[in-house]
Structure formats: C-alpha cells, structure tokens
Amino acid sequence: MITSALPTAHHETGGPASADESITAWALAARGGDTDAVERFVRALHRDVQRYVAHLCADPQAVDDLAQDTFLRALGSLHRFEGRSSARAWLLSIARRAVIDSYRYAAARPRPCDVPDWRVAVELSQPRGLPGFDDGIALLDLLASLPDERREAFVLTQMVGLPYAEAAEVSACPVGTVRSRVARARATLMDLLDDETEERPAELAA
C-alpha cells in the first residue's frame with residue numbers, strides 16, 4: 001500500500017559529505033594517473049549517472065550508451081577538474097551535456113523509435129525500497145506527472161542526493177529556484193499520494 005511518506009529531504013548542505021569527499025578525492029587522484037582511483041570513481045557514480053540520464057533521456061535503450069559517453073568525456077577532461085565543486089556535481093553536469101548533445105544529434109539524424117518512455121529506464125536503474133513505497137514504481141508514476149524542471153530538481157536532490165547548491169550548478173539555475181522547484185514537487189507528490197489513498201477504499205468496494 002502506498003503511504004503519504006516521501007523520501008526524506010536531504011539537508012541543503014548535502015547528504016553524506018564524507019562520501020562526496022572521497023569520490024572527489026578519487027577524481028583528483030585519477031587525474032594524476034591513479035588507475036585504482038579511476039575504477040573507484042567510476043564505480044561510485046555509475047548508478048547515479050544512469051539514473052540521471054534515464055530521467056532526462058526519452059530513449060531507455062540509450063541510457064547505457066549515454067552513461068558510457070559521460071564517463072568517457074569525464075575521464076578525458078579530468079586534467080581540467082580542480083575540485084572546486086564535488087566530483088558528483090561535475091560529472092552530472094557532463095551527463096546533462098551528453099544528453100543534450102544526443103538530442104541535437106537525433107534532431108539532425110531522426111530515426112523511428114518505438115521504445116517505452118523514460119519511466120521504464122528509471123525503473124530499471126532505481127533501487128527498490130524507497131521510504132513510504134512498496135517499490136520505486138509507485139514513485140515513478142507520480143514523478144511522471146510533474147513538470148520537467150520540478151522533476152529534475154526532485155530527482156537530483158531527493159533521489160541522487162545532490163546538495164541544493166550543486167543541483168543548481170547542474171541545472172544551470174539559482175539555488176533558490178531549485179529549492180522552490182523541490183518544495184513544489186514535494187507538495188504535488190503529497191497531494192497525489194493523498195488522492196491515491198482516498199481512492200483505494202472505493203476501488204476495494206467496487
């Protein structure tokens with residue numbers, strides 16, 4: 001049964017700071033040629049990148065290719081990464097550009113596509129057991145009803161766990177805008193969950 005609980009919001013200063021610090025340290029070490037650090041960096045962020053591009057991408061079959069493209073771009077640009085922001089935010093910015101470039105390429109070279117929408121890809125890459133849900137699918141169905149910008153802000157901060165300031169950096173908008181989008185997304189999701197709860201007794205009685 002779906003309850004009215006949403007995933008707990010991360011503090012604006014971020015989720016597990018030590019994890020982000022470790023990942024950033026691995027990125028900096030990888031920049032210096034440490035192959036073990038490269039492997040740790042990729043392994044630590046691979047799922048986040050897949051989840052994020054799945055949210056942005058209209059073609060679920062392209063998710064793996066976009067994730068691979070993201071890491072190839074990132075590893076090729078590591079010499080320019082100086083650690084001013086977290087490696088996670090830096091990498092997700094690259095993922096965003098990779099998706100945008102794929103859209104531009106698809107617009108220039110259109111091809112037929114009969115695959116399901118983005119929700120299928122997110123379902124495949126999202127962990128189960130989110131607080132307040134029997135599984136991630138219920139949340140995905142509700143997220144689909146949100147405007148794109150609010151959904152992106154919610155995914156970045158509440159599911160990927162990015163700090164608000166870094167989510168703003170990834171989305172190229174002010175941090176106050178991200179806060180507002182997340183607050184509105186949560187309010188909408190709470191209303192939808194309440195509606196779902198109210199409708200269930202009627203369904204059972206039918």
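How many helices and how many strands make up the secondary structure of the chain?

## The chain as a whole

The secondary structure comes to nine helices and zero strands, where helices (H or I, at least four residues) and strands (E, at least two) are DSSP runs numbered from the N terminus. Read along the sequence, the pattern is α-α-α-α-α-α-α-α-α. This is a predicted model, in which local features need pLDDT of at least 70 and side-chain atom pairs count only at pLDDT 80 or more, while totals for chains, interfaces and linings use all residues. Residues are numbered from 1 along each chain as its sequence is written, and side-chain values use heavy atoms, with hydrogens and water left out.

Of the 206 residues of the chain, 42% count as buried; buried means under 20% relative accessible area, exposed over 50%, and partly exposed in between (1.4 Å probe, protein chains only). Among contacts (heavy atoms within 4.5 Å) with a separation of 6 or more, 71% come from residues 24 or more positions apart.

## Helices α2 and α3

Let us turn to a pair of packed helices. Helix α2 (residues 35-56) and helix α3 (residues 63-77) have axes that come within 9 Å and cross at roughly 135°. Axes here are lines fitted to C-alpha atoms, for helices over the stretch in contact, and angles run from 0 to 180 degrees between N-to-C directions. The two helices are therefore oblique to each other, since angles under 35 degrees count as roughly parallel, over 145 as roughly antiparallel, 65 to 115 as roughly perpendicular and the rest as oblique. The crossing of α2 and α3 is right-handed; a crossing is left-handed if the near helix is turned anticlockwise from the far one by less than a right angle, and right-handed if clockwise.

On the α2 side, the contact involves Val-38, Phe-41, Val-42, Leu-45, His-46, Val-49, Gln-50, Val-53 and Ala-54, which meet Val-63, Asp-64, Leu-66, Ala-67, Thr-70, Phe-71 and Leu-75 in α3. The residues of this contact divide into twelve nonpolar, three polar and one charged. In this scheme Ala, Val, Leu, Ile, Met, Phe, Trp, Tyr, Cys and Pro count as nonpolar, Asp, Glu, Lys and Arg as charged, and the others, Gly among them, as polar.

The buried residues include Arg-151, Glu-152 and Phe-154. After α7 comes Gly-161, whose phi is positive, near 90°.

Helix α8 (residues 164-171) packs against α7 at an angle of about 140°, with the axes 10 Å apart. That makes α7 oblique to α8, and their crossing is right-handed. Glu-152, Leu-156, Thr-157 and Gln-158 of α7 make the contact with Tyr-164, Ala-167, Val-170 and Ser-171 of α8. The residues of this contact divide into four nonpolar, three polar and one charged.

## Two residues of helix α4

Which residues does Arg-88 touch, not counting those up to four places away in sequence? Its partners are Asp-20, Ile-23, Leu-45, Asp-48, Val-160 and Leu-162. Arg-88 is found in helix α4 and counts as buried at 10% relative accessibility.

Ser-93 counts as buried at 12% relative accessibility, and Ser-93 touches Glu-169 and Val-170, not counting residues up to four places away in sequence.
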